[in-house]
Every structure is written in C-alpha cells, then in structure tokens.
Amino acid sequence: MAQQGIIEERCDILAKKIGIIVNPVAGIGGRVGLKGSDGEAILAKALELGAKPECPNKAVVAIKQFKDFKSEELIIYTFPKEMGEDEVRCAGLEPTVIGDIVSGHTTPADTERAAREMLALNVDLILFAGGDGTARNVLDAVGEEVAVLGVPGGCKIHSAVYAINPKTAGKLVMEFLLGKVRDVKESEVMDIDEDAFREGVLRARLYGYMKVPNEKKMVQNLKSGRGYAEEGALDLVARYIAFNLEKDVLYIMGPGSTVRGVMNKLDLSNTLLGVDLVYNNQVLANDVNEKEILGYLDKYAKAIIIITVIGGQGYLFGRGNQQLSPTVIRRVGLDNLKIIATKNKMFSLFAQPLLVDTGDEELNEELSGYARVIVGYGESVMFRIQS
Amino acid sequence: MSKAYVRTNFHEARWDEPMIYELSTPGTRGILVPEVEDEIVAAVGDVAASLPDQVKRKAPLLLPEVDQKHVLAHYIHLTQEAMGSNLSNDLSEGTCTMKYNPRLGETLAMDDNFASVHPAQDDSTMQGVLEIFYKFEQIMKEISGMDRFSFQPGGGNHAVYCAACVMRAYHASRNDVKRDTIITTIFSHPTDAASPHTAGYNVITLYPDEKGIPDYEGLKKAVAETGDHLAGIFMTNPEDIGIYNPNIDKFVELVHSVGGLCYYDQANANAFLGVVRAREAGVDMCHFNVHKTFGTPHGGEGPANGAFGCREFLTKFLPKPTIEFDGDKFYRDYDRAESFGKVREYFGTAGVILRAYSWTMMHGAEGLRECANISVLNNNYLEKLLLSIKGLGEAFQGNGITRQEQIRYTWEELNKETGVGTDDINRRINDYGLPYYWESHHPWVIPEPMTLEPCETYSKCDLEEYYLTLKKVAQEAYDDPEMVIGAPYKSAAHKLANAMDLDDPEKWAITWRAFLRKHGDKYLKVK
C-alpha cells in the first residue's frame, strides 16, 4: 500500500493539472437580442424568452481536444454539474469535482470561487468558457498568477483572453500543457457597461490583464520563423522609450501593459490601468484623473503622452484611457503623442486601422490619418488611424 | 506535348542514416598518407619541430574514422533523401527564383584553370578571372542603368548592408550626419529593414494600402515626421507578394525632395529583365542577387553573390577593390580614399560570376527579355489554375492588378474550414514528389501563406502538375483533414514531434563535441 501511495504521488507530480470553469448562462441573452446576460433580472427575462444555453456546448467542443491525454497524465478539476462537471463528462473525460453550487442558480461569485480554489490547487492553466463578464470574474480571482484561456461562449467578447473558437482553445491548451507552447502574453480583459450597451451606447473599459498562452507559430521551416516571443518584443520597445526620454518634459504615461513595460524599465512605480506622470525620471503622481492631469499641464511647459493600442480591435483613445480626455490631448498637442506597441500586436492588426473615439468628433478627425507606432528599438511602423 | 499528372506512387528513400561520426571505427582510414621518404627527411629535417608551440595541437583531431566506400555511401544516402531545383518541380521557392542551372556553367566552373586560382594571387596571374568580372560589370550596368558595380557582397543581405554603408558615407561626406533613419515597406525583402538596422539606422516600415501597394499617404507622413533625419528609402519592386509599385516615381521624387537617397532591392529581377531599369525608376542604388536571376545554382546556403550598383556620384564610396582596365591589363584598385571599406574579403564569388556571365552571354539581350516575359506569363497561368482550388486565395485578391513573377497565396479559407494549415499542405505535397514551398518572409502578415515563383524554367506541364497536386491535397484536407495533418508518409522528411524543440538551446549545440558533452550517447542511433 505504501508503495502504491508513492506511485500515486509521483503520478500526481508528473501529471498536468487543469481547471475548467463553465459559465452555464453566458451567451444566453445573445440569441434573444438582450445584448448580454449579466444580472439576475436579465437572465430571468432571457429564460422567459426561451433562450437556450450556448456556452456549455462550446465548452464541450474545447474539452474534447484533450482526448489523447491518458487519465493519469491529466487531472481535470471542475466545479459540480453545469459549471464544468457535466461538460467534461459529456466530452468523455473524468473530472475531479471540487466545491459546491446551487444547481440552476449559479452566480459570478461561483466563478470567482472556482478560480480561487483551482489556483490553490496549483493548476497549470484555467480554461474558462463564457464572455467578458466571466473573464472579469476569473481576473478578480487569479489576476496574473496562473495562465488562463477563454472559450468564447458569451454575447460580448471584447477581451483578448479568448481563443478564436472553441476548437482552437482546446488545441492551444493541449499544446501549452504538452510544453509545445511555452510563451505567455499579457492580454486585455475588457468589459462594457451592459446597462449602457442595452441602451445602444458602447462604453468599454480596460479591466485588467491576464496571462494567456502565446501561440507564436512554430518554426516548422527554419527560414520562416514567425512571430516574436512576447517578452523580448516588449523589452525592445520599453528600452527604446526608456533610454530616449527627454529632459524637462512631463510624460503622461497611459494605461496598458506595454507602457507598464517602459515604467518597469525605468524602475518607477506605475498603475497598470491608470495614468501616471513622470518628469526627469521621477514619478510625480500615480493613477491621476483628467482634472489632475490638467493641473500638472498648467505647471509644465512641454508634455508628451505615451499610449499603447488597447484590445483586439486596436483602440488608441476612448477605450480604457478616458482620463486622456479631448482637453488633455489638445493641451499636450497632437504632435506630442507617442504610440508604442509590440510587433505581435501590430501584425495581428494587419490591414485594420487604429481607432480613436475620444468623444470629440472634431478631435477624432484631426487624429485620423497616419501615425507612427514604435514597435522595437529604433523600429516603427506607419499605421492608418480612423475615427 | 507531355501531359501533367500527380505522382501518386512517389516514394522517397529513407535510409535512417546515422551521423557520419557514428559510423566511425577507430583505426579505419579512407586514405593512407605515405611516410615521408628518407631522402626528403634528410633534406628538410623535422618540419613539425619548426612550428611554434602555440600553433601545435595538444589533442588529436576528432574526425570520423571511415573508409572511402562508406563515406561515399553515406553521402549518396543523404542526397537520396533530398529534393532540389535540378531534381524536382521547384517552382515552390517563391522569391528564390529556382532556375535550371545549365551544365555548361558547371563545366566552366570546374575547369582547373579557373578553379585553382586563389584571390590572393597577383593580378598578373589571373587576368582571365579579372576580365570576366570586368565584362560582367559592363553587362550589369546595361541591365540596370547604374554607372558602377561591386561584386564583393556575398549575397543579398551583404548588398543591402553595403547600400546602407554607401548611404552613410554619402551623407557624411556632406557633413549631414544627423540622417539616422531609413524608410522601407512591409513587403520589401526583410533585409531592407534588417540590414540598415544592423548598420545602425532607425527603421520605419510602411504598410500597404487596400490594393496591396505601399501606402503613399503613409510615406508622406513618415517623410514629414522624419524631416532632415531621413537618410533614404529601401524598397523592393515588385514586392514579395508579386505586386509592382506603380507609384515608384512618386516615392523617389518625394524622398529626393528632402535630401534622402533611394535604394532599389532587385534581388529577384526576373519580372523585368530588359523591360524596366533602376535608372529610369530614378533610384540611386540597386542590387541583384546574381545567384537567383542569372541562373546559377543556389540553396543550401550558397554560393551566392549580391551585385551592388550605384550612380556616378556614389561610386567613390564603393567597397574596395574595384576591378579596372587600363587598356592593357585588368587590375584591382585598392587606392580609393573615400571607399567605406569592405563588406567581405576579396572581390566576389568568382564561381557565381563566371556562371552568370556564361548564362547571360548565352541568352543575349533578347533572351533576357524573353525570360521576363515567360516568367510573368507562367505566373499568371498558374494563378488562373490555382485560384480555382477551393480554400485557396491570394494576397489582395481581386485588386485588379496583374501579378508579376511570383504570388503570395493564402490557405486561410481552407484553414478555417478544415483546420489544415499551410504547414500541413507543405508537408503533404512531399508525398507527391514536390519539394517544400516557400511560405513567407517575416513578418507573416498574410495568413497561412504560400509563395510560388514559376520562372521561365518551368514548362506548362510542370505548372499543371503543381496545380493538380495542390488541388488533390486541398481536396484531401476537406475529406480527411487528420490524414493531411499527419503528413508526410512517403518522403524522407518527417513531421517534427515538437517544433519548439528547434528553439531549445539546452538541446542543440553547434559542434559534434559540444553535442556529446551535453547529451552523451542519448541521441545516437548507434550506441
């Protein structure tokens, strides 16, 4: 018996561990035209309108991709019933069920609890099926402490933490667990104000970042390696900006992980989702609002805004950086905007323009045209901007 | 006329061949070097004793000890596991211009009167070689309209690096030293960004407009932003995707208007030999990959040559030596005070220049133009065939622009519908006797790319064989995607179990000794 115990323990150490979370009601509002499923009243209305859950089926498609793993090689943790257990069994695999839920009445708090418990079990990756709301819940629970990947199942997918479809999600997770994909990238969790969205107004904001496997396509043909390791690509941009900061200039550092890379390179405290102010390599203030920025602009003769491209759709202004208001942008001057991004980000936007939505139509027009985006050490690309 | 077919019964050799080091048996010799005769020893004494200690080996050479028969068999096995331009239907290698290499060129290059010449010899002892370089330079001047050429660059990258050095020397000669930025385009050969960057320039890359042409509005903004920091522009035309930039004159005019120089990458010149010239396009410098356009063998990393040409006002900055003729003899001129220096030793890859000279003389001016015409015709015929294949498209399809000598296709639709991507198709065509095709240069912005270049070498039958094979493989992808993903089955090449391993510095080493130190006999076939 003792020997068997050792063997089991060894298997446990060697095996890969994955947590699977399914938001059973994600996407339920989409088909019945409700633009989202957040909030119990909406959910009830959706069910009343005859909505059928879409997300569980999508989760099953993703989970089926793990069929080649032997059971001793992969331990799958799920929450009970419709939050993962049912989907894993439906895919023909055997889950290890943790936690408890009230079946038929699951809530965002269940998603958060599941993610937290999986993190405590040291899983290699959490695969979750849902929409932007689900991604937010997972983010609140695990932040950047473990790799995650989303199976797109919700009505709203603005976040960059999702695979393009359920099958790809399953395959990418397989490759990550097998060590074929090792690189991870910080990707945006975006969400919109659902009340406003139902009124027809789109207001998205950057909610945070999570780590997802970076499928830098592999080097099958040595001469045609594609993609760049995210960490190295970010480092080159950050070095270039950090080493070339001008003296006696107020730097307004926008939100986002690329700008954070610059701040880290300068060894300065920073706010991932907020705006920080820097002058002569010193932080003047962290996480400032529009009014505070304008106050500082009164005191300093020259300012430069450093911003990055936010989200998979390529927004420069108007998503996640509303502190940089039209007034702020005009005071700084359109010639004093520096846009930075990693090469991977810009290649992923190939043939799409960058977008601006400052809330000021005139300014949007002025910003339209072409801009230079710094993508490496002394390397930049010209990109079209559209309002 | 021969009829095209798919080689469904193709099967390549797989020898499961070990490394030659693994074939080593201690004491075995391929050649027994005779003992030095007593008479010679008596005359010269102990030659080894005259060598300084620091150049003497402390440990014996670790060479494989294999007899002649097994060395020969080993390398024949390896060649049977290879495909190549003179062996198979290699219109696959888009951007590489894989032409037939006439046997005459090989015969000339192997002639002992040529092959035994060393570039360190005195000029007077290699007048023939210098004459060939000199005469080939006159041909290149005519083809491009440039005023001088250097054949010193050992390939395209060298030639582009050379351009960056000439550009810097030119601006420096005018005390205009703040010009630190060059502009290039995303579908220019990637060396147009990489080489100037290596030479210390900042690089701005232009994306194409909706038609696939480098964006002129983007250029205007880049030029305006760069101002007097602009050193020049580096651009390939036609670009990597096979589209000719019809605005080239506007590009040149704009860059010249702010004091920049214009460089034309003509690595692959097959679309326009005898049709258009760099001079008329208005550029100041250009280069040709001699090994591509001028019919010399390449691949397997060489041999190559990058012929770099420029206008008169830049010739003083060319690398040294240049090859000159004084009316009586040919000679190398090292006395060039304003030359930027060298990009490589000596004065050029003689074997490539000799073959290219022979190839060009065989064709004559009319023949060169015919090469371009047939290449463009071949490419457009193949395009018509291939675009009828379900799941296959091309970059900027339907933009109304006739393609030049090559095309970047995309398997994006097939990939979305079946999960089979370009890597999978690429392995599967091996099972029908076609070599791997060239997917794309960096960056991979056209999804699931495939770049083909059916130059004048290929017959109608070759083009149709390629089409029939791709059509069959695409159909296989719809019928049985897993089978295609698992390919190849009948070729010597394998599917990599884990492609990321190729990036693993823990696994690989650059010498056999270092590899053994890392792994012992873990990976040896013969233990």
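The structure is a predicted model.

Twelve residues from domain 1 of chain A and ten residues from domain 2 of chain A make up the contact. On the domain 1 side that touches domain 2, highlight β6 (184-192) and β7 (204-213) of chain A, each of which supplies at least two residues. The largest share of that side, five residues, comes from β7(A). Colouring the domain 1 side by class shows five nonpolar, two polar and five charged residues.

**Second stop: helix α8 of chain B.** Select residues 216-226 of chain B; G218(B), L219(B), K221(B), A222(B) and T226(B) are buried in this helix. Turn the view down the axis of α8(B): the buried residues fall within an arc of 165°, so they line one face of the helix. Next, display what these buried residues pack against: β15 (369-376) and β16 (379-386) of chain A, together with β2 (181-185), β3 (202-206), β4 (230-236) and α9 (248-257) of chain B. After α8(B) comes G227(B), with a positive phi near 60°.

Select β10, β11 and β12 of chain B, three strands in the order β10-β11-β12 with antiparallel pairing. β10 (393-394) and β12 (449-452) of chain B stand at the edges with a single partner strand each, so one side of each lacks a neighbour in the sheet. Zoom in on β11 (residues 407-410) of chain B, joined to the antiparallel β12(B) by four bridges. Finally, pick R408(B), whose bridge partner in β12(B) is T451(B).

Terms used: Residues numbered from 1 in each chain as written. Chains lettered and ligands numbered in written order. Predicted model: local features only at pLDDT ≥ 70, side-chain atom pairs only at ≥ 80, totals over all residues. Contact = placed C-beta atoms within 7 Å. Nonpolar A, V, L, I, M, F, W, Y, C, P; charged D, E, K, R; others polar. Buried ≥ 20, exposed ≤ 12 C-beta atoms within 10 Å, placed from the backbone. Arc of directions from axis to C-beta. Pairing = 2+ DSSP bridges.
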